[in-house]
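Good morning, everyone, and thank you for coming.

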Amino acid sequence: MDPNQMPVSGVKAIKHNMVAMTKLYDSLSKNCFKKCVTRFSQPDLAVGELTCVDRCTLKYMATAKIVTEQMQKAAEMNMQRQQAMQSVMGSNRP
């Protein structure tokens, strides 16, 4: 779909996702670098540092996925509750 023809809500969602991914990447980079890179005397990462960065990145992304899934489930449950409340309120009207 041409971005110029997308509904405003679609464009906002894409922008929101891009901002969220940028924040995730920034946070991952800072945290894994702080945790794993300990020596600055070499121009390249040591084998132990590379292993640490790989593991840190995998754990960080797995955790982000779990958190996102849980937040989506919570949002869906909240939406269902709101719909149920609206249907109850609508059926109580004369």
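**Side-chain contacts in a predicted model**

Let me start with Phe-33, which is partly exposed, its relative accessible area being 44%. Please keep in mind throughout that what we are looking at is a predicted model. The partner of Phe-33 is Phe-40, and the two rings form an aromatic pair with 6.0 Å from centre to centre. How are the two planes arranged, with 45° between them? The pair counts as tilted, because planes under 30 degrees apart would be called stacked and those over 60 edge-to-face. Phe-40 itself is exposed, at 62% relative accessibility, and a search of the whole structure turns up 1 aromatic pair.

Now let us move to the cysteines, where the count comes to 2 disulfides. In one of them, the sulfur atoms of Cys-32 and Cys-56 lie 2.0 Å apart. This pair links distant parts of the chain, since Cys-32 sits in helix α1, which covers residues 8-36, while Cys-56 sits in helix α2, and 24 residues separate them. The torsion about the S-S bond of Cys-32 and Cys-56 is about -85°, and so this disulfide is left-handed. Are these two cysteines buried or exposed? Cys-32 is buried, at 3% relative accessibility, and Cys-56 is buried as well, at 10%.

The other disulfide joins Cys-36 to Cys-52, with 2.1 Å from S to S. Here too distant parts of the chain are linked, with Cys-36 in helix α1 and Cys-52 in helix α2, 16 residues apart. The link between Cys-36 and Cys-52 is left-handed, with -65° about the S-S bond, and Cys-36 is buried, having a relative accessible area of 5%. If you number the bonded cysteines of the protein chain in sequence order, you will find that the pairing is 1-4, 2-3.

Finally, I turn to charged side chains, for which the count is 1 salt bridge. Which residues meet in this salt bridge? They are Glu-69 and Lys-65, at 4.0 Å from N to O. Both belong to helix α2, which spans residues 47-91, and because they are 4 residues apart in that helix, about one helical turn separates them. Glu-69 is partly exposed, at 35% relative accessibility, whereas Lys-65 is exposed, at 54%.

Note on methods: Residues are numbered from 1 along each chain as its sequence is written. This is a predicted model: local features need pLDDT of at least 70, side-chain atom pairs count only at pLDDT 80 or more; totals for chains, interfaces and linings use all residues. Side-chain values use heavy atoms; hydrogens and water are left out. Rings of Phe, Tyr and Trp (its six-membered ring) pair if their centres lie within 6.5 Å; planes under 30 degrees apart count as stacked, over 60 as edge-to-face and the rest as tilted. Buried means under 20% relative accessible area, exposed over 50%, partly exposed in between (1.4 Å probe, protein chains only). Helices (H or I, at least four residues) and strands (E, at least two) are DSSP runs, numbered from the N terminus. A disulfide is a pair of cysteine sulfur atoms within 2.5 Å.
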